[in-house]
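Please examine the sequence and the three-dimensional model shown below. The paragraphs after it are intended as a guided reading for someone meeting this structure for the first time.

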Amino acid sequence: MVNFGNDWDEIMAGEFEKPYYLQLREFLKREYFTREIYPDMYNIFNAMKHTPYSAVKAVIIGQDPYHEPGQAHGLCFSVQKGCPIPPSLQNIYKELQSDLAIPPASHGELYKWADNGVLLLNTVLTVRRGAANSHRGQGWETFTDNVIRKLNEREKPVVFLLWGGNAKAKKPLITEKRHLILEAAHPSPLSAYNGFFGCRHFSACNRFLQENGIEPVDWRIE
């Protein structure tokens, strides 16, 4: 039984008994037993464990976890301390510096954001070593769609930062006008110059939060 240790337990009650999730669970049991899977099974739900439902100010949606050893730990775009900072995160740091004059951190571990109300949610929460998208289509998309639906239902406004095609595909789930949707290109080196750099999403997010009487996100890592 999944236990988040916060109000997500109540919000997602019943989700883990649904047929799609029971199927996903059996798939994951086989995968973790026979292959090298990331993140560690105890870190799969780190995003929701570190950012309670009621505390969510902003949501950043990623694709699936990093697939090399020692990187993934359950937060999208984040890597564990000691890992080289991935190119996409380097570009996120560059935009952060350009937008809010926050200097790049020396590491890529984003717990500080998660603990400050930024839900760092991948679309798919597990992956095989060395095989991006290897757990796509197994049920995680249904789970994360339902997480976004629950956030859409919330009375307190949320900022959704949708970077790249996979994240933008979630836009139809966000129907309530009280929320803010910010869209840009993905921060990867292949697309960052096509609309990610210069998007100024960090300041736009905080401006919206303040206008709605919500404490802005502290985007500093260190």
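The account below moves from the whole chain to its sheet and then to individual residues.

The model is predicted, so to speak of local features requires pLDDT of at least 70 and side-chain atom pairs count only at pLDDT 80 or more, whereas totals for chains, interfaces and linings use all residues. Residues are numbered from 1 along each chain as its sequence is written, and side-chain values use heavy atoms, with hydrogens and water left out.

The chain contains eight helices and six strands. Both kinds of element are DSSP runs, numbered from the N terminus: helices are H or I runs of at least four residues, and strands are E runs of at least two. Followed along the sequence, these elements give the pattern α-α-β-α-β-α-α-β-β-α-β-α-β-α. The C-alpha trace spans about 45 × 40 × 30 Å along its principal axes. A compact globule of 222 residues would have a radius of gyration near 17 Å, and the chain, at 17 Å, agrees with that expectation. Here the radius of gyration is taken over C-alpha atoms, and the globule rule is 2.2 Å times the number of residues to the power 0.38.

Of the 222 residues, 54% count as buried. Buried means under 20% relative accessible area, exposed means over 50%, and partly exposed lies in between, with a 1.4 Å probe and protein chains only. The chain exposes about 10,300 Å², of which carbon and sulfur atoms supply 50%; accessible areas come from the Shrake-Rupley method with a 1.4 Å probe, and for residues only the protein chains shown count as cover.

Four strands form an open sheet in the order β3-β2-β5-β6, with parallel pairing. Its edge strands are β3 (118-122) and β6, each of which pairs on one side only. From one strand to the next, the twist averages 20°. Two strands are said to pair if DSSP finds at least two bridges between them. Strands β2 and β3 run parallel and are joined by five bridges; in this pairing, Ala-58 has Val-118 of β3 as its bridge partner.

Helix α8 (residues 201-211) lies across β2, β5 and β6 and runs at about 175° to β6. For these angles, axes are lines fitted to C-alpha atoms, for helices over the stretch in contact, and the angles run from 0 to 180 degrees between N-to-C directions.

Strand β5 (residues 159-163) deserves a separate look. On one side, three bridges join it in parallel to β2 (residues 58-62), with Val-59 standing opposite Phe-160. Strand β5 also pairs with β6 (residues 180-184) in the parallel sense over five bridges, and Trp-163 has Ala-184 in β6 as its bridge partner. Are the residues of β5 buried or exposed? Five of its five residues are buried. Val-159, Leu-161 and Trp-163 point one way from the strand, while Phe-160 and Leu-162 point the other way.

Asn-91 lies in helix α4 (residues 87-100) and is buried, with a relative accessible area of 7%. Leaving aside neighbours within four places in sequence, Asn-91 is in contact with Pro-187, Ser-188, Pro-189, Ala-192, Phe-196 and Phe-197. Ala-192 is 101 residues away from Asn-91 along the chain, yet their C-alpha atoms are separated by 7.3 Å.

The cysteines complete the picture. A search of the whole structure finds zero disulfides, a disulfide being a pair of cysteine sulfur atoms within 2.5 Å. The closest cysteine sulfur to that of Cys-76 belongs to Cys-205 and is 14 Å away, too far for a bond. Cys-205 is likewise in no disulfide, for the nearest cysteine sulfur, that of Cys-199, is 11 Å away. Cys-76 counts as buried because its relative accessibility is 0%. Cys-83, in the loop between β2 and α4, also counts as buried, at 16% relative accessibility.

Terms used. Contact = heavy atoms within 4.5 Å.
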